[in-house]
Amino acid sequence: MSNEKIPYKIYLEEKDLPKQWYNVRADMKKKPAPLLNPATGKPCTAEELSHVFCNELVQQELNETDPYIAIPQEIQDFYKMFRPSPLIRAYFLEKKLGTPAKIYYKFEGNNTSGSHKLNSAIAQAYYAKKQGLKGVTTETGAGQWGTALSMACSYFDLDCQVYMVKVSYEQKPFRREVMRTYGANVTPSPSMTTEVGRKILAEFPETGGSLGCAISEAVEAATSQEGYRYVLGSVLSQVLLHQTVIGLECKTALDKYGEKPDIIIGCAGGGSNLGGLVAPFMGEKLRGEADYQIIAVEPASCPSLTRGTYAYDYCDTGKICPLQKMYTLGSGFMPSPNHAGGLRYHGMSAILSELYDQGLMEARSVEQTSVFEAAQQFARVEGILPAPESSHAIRVAIDEALKCKETGEEKTILFGLTGTGYFDMYAYAAYNDGKMSDYIPTDEEIAKSIANLPKIG
């Protein structure tokens, strides 16, 4: 099909909004390993998980058989405020690179929270409200998830308590203030407000925090207050499930013009964006209906897939959450404070870890100066200032497009643009001023963290 027939922005109609989430685990012959109770070493039961998570979300977390799960009408109605989101043909970037490749990106920043996180936030807030809870607690790294959840909670009149990674709390005050504007209580983590926070600060007094730290505090806060539950913005299977609206819309939009991606690229921290983007395509791959090259892109400063170990580990630094089998750097791993691009989690989604271990997708790590170079290049020609997280995917999309330029191959590249970077100007300023540096953990640092993995499995 000629380029002239494919518009710059492919907009779907409201009727094309997905009515069901896609559960990729149903098509996996080898399922992800179950969550384990750290006290017993046995798979977590629904009853055990319900002390931490909302009841309906527990059922979604444990569901490995139903390929499609209905999206409640109230969530569908909320989605209509910002979905379907546009799939954009990057004509200007293609021209700038001089590549024969076709480049598409799914833009998830066209909502008030500024990122894809709202897709799951509204679902989790809905189920909390339906259960009659007073409120929820959570963690946030760069702030996109906290922003999305605070917006969702204000919609359902729920209390929202956010533990924000301390370095981001300090670097991104405007993201913090958006959360507070929506009514959330935001605490820098690790903090002195929880027992686990005090313990972490005693061991790492100068730490800038990590998602693992913030998760520990949020879980403690939820389990110590009547009528509260903990909700998570990534990693868990339920979150990847909600995010499949991204990939489902992508597939509908591409099918509309007879396009099929050869390469699908997403940034990878805990896995929500990548998992949501690739799920329906991975489903085709698992069923033998099509094949795709799927690339997870992670920061070189927190390289769980490319340099981690596939093993059971704690989901949090305080070691109070269930154990998950995943590619991990160890729950005690602390990303360098100079890392500006989010994606600070020490492990990777169990679903994506298993798919990666089976060789069904690949992973690459990239340095942050290279990431911001790609972000700047993209912003100057496509007119969107991308989130630092998204820019990891942009980096590899540009690299793949330049390979096509060298070989003359006309491949079709799809990547996820998870959100905008307008609250990340501290990082952009550091890059523009030449003050940004790359930090790559040594083998010794990773080995020291890995040595503390729990002795299970």
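**Ground rules.** I work from a predicted model, taking local features at pLDDT of at least 70 and side-chain atom pairs only at pLDDT 80 or more, while totals for chains, interfaces and linings use all residues. Residues are numbered from 1 along each chain as its sequence is written, and side-chain values use heavy atoms, with hydrogens and water left out.

**Cores.** I looked up the nonpolar cores (sets of buried Ala, Val, Leu, Ile, Met, Phe, Trp, Tyr and Cys residues joined through side-chain atoms within 4.5 Å). Buried means under 20% relative accessible area, exposed over 50%, partly exposed in between (1.4 Å probe, protein chains only). The largest core holds 76 residues, and Trp21, Ile75, Tyr79, Leu355 and Leu414 have the most contacts inside it. Helix H5 (residues 118-130) contributes the most, eight residues. Helices here are DSSP runs (H or I, at least four residues), numbered from the N terminus. I also noted a second, separate core of 35 residues, with Phe372 and Cys404 among them.

**Leu355.** Beyond its neighbours within four places in sequence, Leu355 contacts (heavy atoms within 4.5 Å) Met28, Met282, Leu286, Leu360 and Met361.

**H12 and H13.** I checked the contact residues of this pair, which include Ile246 and Leu254 of H12 and Leu277 and Phe281 of H13.

**Thr147.** Is threonine 147 buried or exposed? I find it buried, because its relative accessibility is 1%. Threonine 147 sits in helix H6 (residues 144-156). Not counting residues up to four places away in sequence, threonine 147 touches Ser113, Arg175, Val178, Met179 and Tyr182.

Conventions: Helix = DSSP H or I, 4+ residues; strand = E, 2+ residues; numbered from the N terminus.
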